[in-house]
Number of protein chains: 2
Amino acid sequence: MTGTRMTRNRTAGRPTASLITAQKITLAAQELLSKNGDFTMSQLAKKLGVAPSSLYNHVASRDEVLAGLSDHIAQGISTHELQEAAARVRASDLTARVARNLWVEATASWARSYRTAFSLSPALVTTLAVTPVRNAPGTLGMYEQVTSAFVAFGFTPRDALLTVEALEAFLLGSATDVHAPIDIFDPGQRASSHPTMAEGFAELGNTPQDEAFELGLAALLAGLSTRLP
Amino acid sequence: MTGTRMTRNRTAGRPTASLITAQKITLAAQELLSKNGDFTMSQLAKKLGVAPSSLYNHVASRDEVLAGLSDHIAQGISTHELQEAAARVRASDLTARVARNLWVEATASWARSYRTAFSLSPALVTTLAVTPVRNAPGTLGMYEQVTSAFVAFGFTPRDALLTVEALEAFLLGSATDVHAPIDIFDPGQRASSHPTMAEGFAELGNTPQDEAFELGLAALLAGLSTRLP
DNA sequence: CTGATAAACGAATGTCGTTCGTTTTAGGGT
DNA sequence: ACCCTAAAACGAACGACATTCGTTTATCAG
């Protein structure tokens, strides 16, 4: 099979420099997900210029790719405003009312960043919701920043965690909602037997998901903020 | 190919009475999902005593089975309390404060039923979130009952629909949360570098998801109820 | 009585995630 | 400087799985 010595093209055996890393896999998966809404191990390998089986030298499974990406994305969620706000609360002596407003604004900013980040794919949402934080350092770090900011505002650590969990449910649901078609509530031919739905749908604009998100977020934060001192 | 006439055991050709229906398939899928958390077309066929290919005479695809089940489950969500409450509001002349409390209680009851129903499987959650209601008569009917009750309380149809959408995001997220392990927030070895998470987790009980759900639900409903007259 | 259609079956297909055996090279220990 | 282990690539193969196809048999409309 060998024949004469020729310029070895591109096959077989360990390469001089490693071609891929777990991180490159994560990033490639992110691109595929944002472009196609899904990915296969073959597509991943192709994008990286590698055989599918080679991926398994760096990750254990497709699920692990998903978990890694989930963690990467959680890490990228902006907690800036929350940290700044926490610093202000620790430093100055704000009135309860002002502090509450500050908490609502800063938390809303974090929440919007969270929803946008995870609206990449529904599969990602499920993964995040179910993966223990001890296997996801980026996620854990993000949570630590958020809960410690909440504690600065006067929550106990326990309440901070429960508050985050409640917010998270809303945010993950909202992130999933983003993938629904705009006319998901259109009753179609059944309009006449569902008059309230028909009328309500007719009066929705072109960004019902965004509007419902802002509505729910404001309500949720207002309600949660009453537990602050 | 025939050989002698014998007692035909159980093979080939149209049966005297149809063995399965779309409904039977839906119910079998529900059982598998609640028992195993998942199902395959083969498992479905086996449970129904039928060949996998026979399923396709009644449903177009696995996704359609999921959509049908989602609709079946949505249909089963209890709207009793909401309808009774709406009737009371229409009949008597309650004060705004009492009406608001009534709305909160009735809506909370519906919300709990909703969350419980869809905690059957995360895949079901995604399906519901993304399937247009015009293909899901049971879901549409449930929404009509809820929105028309909301309208009785003084919401405009548009606000009723946006309110339902906001609630739904929270409920679907909460339903997904149910599948998370209890110790999902345990920082493990990383506890020392994440003190707030560590302390918060240590003080959680054995039903953090339920507690976070009730916390978020109360906050959300309190916030949303301020939009009532 | 006779098509046409519904409903079952088994066999086959294509995709996908994953495993295995092989090959080549990098890098640490003597 | 030389091994020898382990890392990292490859292609081939496997087992699931959803789905399609051709065939067979029974029902039902005309």
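Four salt bridges are found across the interface of chain A and chain B, a salt bridge being a side-chain nitrogen of Lys or Arg within 4 Å of a carboxyl oxygen of Asp or Glu. In one salt bridge, the side chain of B:Arg158 meets that of A:Glu211 at 2.9 Å, N to O. This is a predicted model, in which local features need pLDDT of at least 70, side-chain atom pairs count only at pLDDT 80 or more, and totals for chains, interfaces and linings use all residues. Residues are numbered from 1 along each chain as its sequence is written, chains are lettered from A and ligands numbered from 1 in the order in which they are written, and side-chain values use heavy atoms, with hydrogens and water left out.

The same interface holds 14 residue pairs in polar contact, both at pLDDT 80 or more. A polar contact is a pair of N or O atoms within 3.5 Å; within protein, one must be able to donate a hydrogen and the other to accept it, and residues adjacent in sequence count only if both atoms are side-chain atoms. On the side of chain A that touches chain B, at least two residues come from each of α6 (122–130), α7 (137–152), α8 (157–177), α9 (195–202) and α10 (208–225). These helices are DSSP runs (H or I, at least four residues), numbered from the N terminus. The largest share, 14 residues, is supplied by α8(A).

Contact, meaning heavy atoms within 4.5 Å, joins 62 residues of chain A to 62 residues of chain B. The two chains bury about 5600 Å² between them, and carbon and sulfur atoms give 68% of this area. Buried area is the accessible area (1.4 Å probe) that two parts lose on being put together, summed over both. Of the area that chain A buries against chain B, 12% is supplied by A:Arg134, A:Arg158 and A:Phe185, more than any other three residues.

The DNA is the next topic. There are 25 residues around DNA strand C, and B:Leu19, B:Ala51, B:Ser53, B:Ser54 and B:His58 come nearest; a residue is near a strand if one of its heavy atoms lies within 4 Å of it. Of the atoms of DNA strand C that come within 4 Å of the protein, sugar and phosphate account for 64%. For A:Arg62, a backbone N or O atom lies 2.7 Å from a phosphate oxygen of DNA strand C.
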